[in-house]
Amino acid sequence: MHEKTLAELSQALQNKTLSSVELTQHYLKRIEQLDGSLNSYITVTAESALEQAAAADARIAAGNAGPLTGIPLAHKDLFCTQGQRTSCGSKMLDNFISPYESTVTQRFLDAGAVSLGKTNLDEFAMGSSTESSFYGPTRNPWDTDRVPGGSSGGSAAAVAGRLCVAATGTDTGGSIRQPAGFTALTGLKPTYGRVSRWGMVAYASSLDQGGPMARTAEDCALMLQVMAGFDAKDSTSVEQPVPDYSASLSDSLKGLRIGLPKEYFAAGLDAATSDAISAAVKQFQALGAEVREISLPNAELAIPAYYVIAPAEASSNLSRFDGVRFGYRCDHPADLTDLYKRSRAEGFGAEVKRRIMVGTYALSAGYYDAYYLKAQKIRRLIKNDFMAAYEQVDVILCPTSPTPAFKIGEKIDDPVSLYLTDIYTITANLAGVPGIALPAGFANGLPLGMQLLGPYFSEARLLNIAHQYQQVTDWHQRAPAGY
Ligand SMILES: NC(=O)C[C@H](N)C(=O)O
């Protein structure tokens, strides 16, 4: 059963050749057998999953099911789920039972999807390897000595290890696309404002965006259909009609103009990834696309700008964790100041503290103009680069990260080298444009990722292009040995 994609399982459920209870039991058993080595889940909600599956079967029998009804999913443990622990991978929220449901997970509940549980992540989504989680690192099913990427590494490992059909992720600086690239998945970061952020615990609010992670573009289309849409509870949610993402998957790529940003194929890019993308270019040309070189001249400024803006916003967002109303509280505080100080010192891990300090510094009176304001100006220049590029091309093709998955422990003691792995993904967040990551090949048994970036609200086109590529390649069909 777990070899099948979401689209195939959806068919099987509708045809009643399979029940959601059977499917859910199968996945729960796989989690029990295989997640010990991957550590992709923080919480498995077996009981409620089986209840949801039974309700889904009843709904299918009654003839009012949708494509997601009865499909076992997993959610990044950054989405609030009512009555369940929502930890954000942090000791700070280890004891936090959410009193409300996020819009995204509510939409999946309304669609009749089953939630198997909550997946591991870098603490508060700060990281690119899922090693900063309070619950220990997640391992990559393609090589368990290696990271699955991050911060949505638990979702990536769970989907790649066939421990759920598809999963949600969030992408602030690449957290959906980079782990998708490291695990041979398809992952979509929508346009900022396309998917509601309500109930998605805030990291850097002007960059955060939820999106789907699955094995195919076709499955991502089905997931995004549920996730996308206006939400009055999120002031940055955009009131734009949601297209039928599955309807245009088969559109021809004839005449599609693809741009290759020369800055993304410069020094530092792994040779195998570069070769894989060259081969993909040929595939796209064979499908009727025209490919040309473009320039995103301010790309090299993206990392410094992001690592000022994201920590600045994080330092403000994370000030709510004070040990008073919810979350971790230190033992025997001497007074209120001691309560704040020790609860935060004991509740947050090293990377979160680093970012709070960097962000607080960048926002402080004497340095605001030199760092935060300057970073915001760079952000505008990066957005302008994309706008200029989309005058010449329809989409941009580039790698998701400079190298394939690295070893656990390899970079964790050197934060800057970890930040540098985000070089190709964070520009899309700074500009707010959508991007889809998809597998482009393998080297030494490790997946190689590429991404397509499009103009605002071009998700349907990105899914279409990825789907057409997946019709003529089989990278997305490969499974890691033992899974
Ligand atoms: N959250 C993300 O998108 C990951 C990024 N590497 C960060 O640490 O900010």
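**Close-up views of a predicted model**

**View 1. Domain 1 meets domain 2.** In this predicted model, 21 residues of domain 1 are in contact with 17 residues of domain 2. The domain 1 side of this meeting place has 10 nonpolar, 8 polar and 3 charged residues. Domain 1 covers residues 6–256, and domain 2 covers residues 301–375. Their C-alpha centres lie 28 Å apart.

**View 2. The largest nonpolar core holds 136 residues.** Which residues touch the most other members? They are Leu73, Val159, Cys164, Ala166 and Leu463. Helix α9 gives the most to this core. That helix spans residues 302–317 and supplies 9 residues. Why does the core lie between domain 1 and domain 2? Both domains give residues to the core, so it lies between them.

**View 3. Val159 and its contacts.** Val159 is among the core residues that touch the most other members. Set aside its neighbours within four places in sequence.

**View 4. Helix α7, residues 217–227.** Is this helix largely enclosed or open? In α7, 11 of the 11 residues are buried, so the helix is largely enclosed by the rest of the structure. The buried residues include Ala217, Cys220, Leu222 and Val226. Glu218, Asp219 and Gln225 are buried too. After α7 comes Gly229. The phi of Gly229 is positive, near 135°.

Terms used
Residues numbered from 1 in each chain as written. Predicted model: local features only at pLDDT ≥ 70, side-chain atom pairs only at ≥ 80, totals over all residues. Domains from an automatic or database assignment. Contact = placed C-beta atoms within 7 Å. Nonpolar A, V, L, I, M, F, W, Y, C, P; charged D, E, K, R; others polar. Core = buried A, V, L, I, M, F, W, Y, C linked by C-beta atoms within 7 Å. Buried ≥ 20, exposed ≤ 12 C-beta atoms within 10 Å, placed from the backbone. Helix = DSSP H or I, 4+ residues; strand = E, 2+ residues; numbered from the N terminus.
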